[in-house]
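Have a look at the fold before reading on.

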Amino acid sequence: MARLIFREAVQEDHAAIEALFAATSMGSRIRLCFERDPDFFAGSMVQSGEPCVRGFFDKDGRAVGIFSAGRRRVWLDGEVTMRYLSDLRIRPEYQGGSLLARGFLKLQEDVFAPGEWAQTLVLEDNVKALELLQSRRAGLPEYRAAGRYISWLLAPQRVGSDRGWRVRRASMDDLPAMRELLDASARRRSFADLTELSEIGGPRWKNLAISDFLLAEGRGRICGMMGLWDQSDFNRMRVCGYSPVMSVIRPVWNGLARISKRVTLPPAGGLVWMRKATAVACADDDPAILRALLAAALAGKDERPLLIGFSAADPLCSALGDLKAHGSFGRHFLVGWNGAPPEWREPFSFDVARI
């Protein structure tokens, strides 16, 4: 194979990276591709406050493999800065070779500090990737299991909730109360993102406005909040294809889904339009408050599904148990080569809009 160069990815590499993303997919039954047009690095800034994108490129500038290892501020019994490993893509013809191990070796040498650990999420449906990444073969880092993650893709539907909560749109005047609520929630969750709400409209909150937040009020105060983030301008999910079984099942699934008001599956090549729940916080982790927020989010005129995610051990999960949803499961790992990983406790937090 041609000699490859491992280097930092720059803005001029956007087209090459998008071509790499188009050539790779995730999942087995439903193969998903992710698009970051028109600016790959805008999505990287949403994921991490300090993006760090490295990759292997050939002499023609074609991206062969990509890793993101940006830093972000999270809560871990205090504010810490931690890396997030994401956007791992390798062209099919290079998979199964030494490129993955070589890339991790370069990350260890050029990016990670001695003893530094990172977070990552891997879909449970991606069985081959899970087996390989946990194998420790050829100098791969340790993938230390750190909890299970659940995400729900919720179709618009009627959600029964306690009518004692009033739900409305947020305004700039609500920022102090929202900040207090979100900070209190973060301190109950390991790895909670600490992005400032005052930066809404900036690069880490791209295309999100204060009016995109729903607030639940009760007992004379703001008790719950949830942002509804449309990321379709810079981060999209496309169904690249289906397994033979799912290709047969899809028409039947969609027929039943329309009757039961569940999420339908687009044809191969179709986009999955959605909103993503971000910065979710409820006073005392009360699931009834989240139910009120979901009732408002799913009963409006917007017919796009809503994606929301939590640690499987999060008490807020009980608010979603009876809803009509397509659920996905992921494994949360701490990744490092040496030393002990940081201490943490359940529930952990991972904002589904920043994956």
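How many helices and strands make up the secondary structure of the protein? In this predicted model, there are 7 helices and 15 strands. The radius of gyration is 20 Å, close to the 20 Å that the globule rule gives for 355 residues, so the protein is as compact as a globular protein of that length. Along the principal axes, the C-alpha atoms fill a box of roughly 65 × 50 × 35 Å.

Of the 355 residues, 54% count as buried. Among contacts with a separation of 6 or more, 77% are between residues 24 or more positions apart. The accessible surface comes to about 16,200 Å², and carbon and sulfur atoms hold 52% of that area. As for charge, the mean positions of the 49 positive and 43 negative charges lie 5 Å apart.

Now let us turn to strand S3, residues 53-57. This strand is mostly covered, with 5 of its 5 residues buried. Val-53, Gly-55 and Phe-57 point one way, Arg-54 and Phe-56 point the other way, and all are buried. In a regular strand, side chains alternate between the two faces of the sheet.

| Strand paired with S3 | Sense | Bridges |
|---|---|---|
| S1 (residues 5-8) | antiparallel | 4 bridges |
| S4 (residues 63-75) | antiparallel | 5 bridges |

On the S4 side, Val-53 has Ser-68 as its bridge partner. The hairpin of S3 and S4 has 5 residues between the strands, and Gly-61 takes a positive phi near 85° there.

Terms used. Residues numbered from 1 in each chain as written. Predicted model: local features only at pLDDT ≥ 70, side-chain atom pairs only at ≥ 80, totals over all residues. Heavy atoms only, no water. Helix = DSSP H or I, 4+ residues; strand = E, 2+ residues; numbered from the N terminus. Rg over C-alpha atoms; globule rule 2.2 N^0.38 Å. Buried < 20%, exposed > 50% of the residue type's maximum accessible area, 1.4 Å probe, protein only. Contact = heavy atoms within 4.5 Å. Areas by Shrake-Rupley, 256 points an atom, 1.4 Å probe, with all protein chains shown as cover. Lys, Arg positive; Asp, Glu negative; His and termini not counted. Charge placed at Lys NZ, Arg CZ, Asp CG, Glu CD. Pairing = 2+ DSSP bridges.
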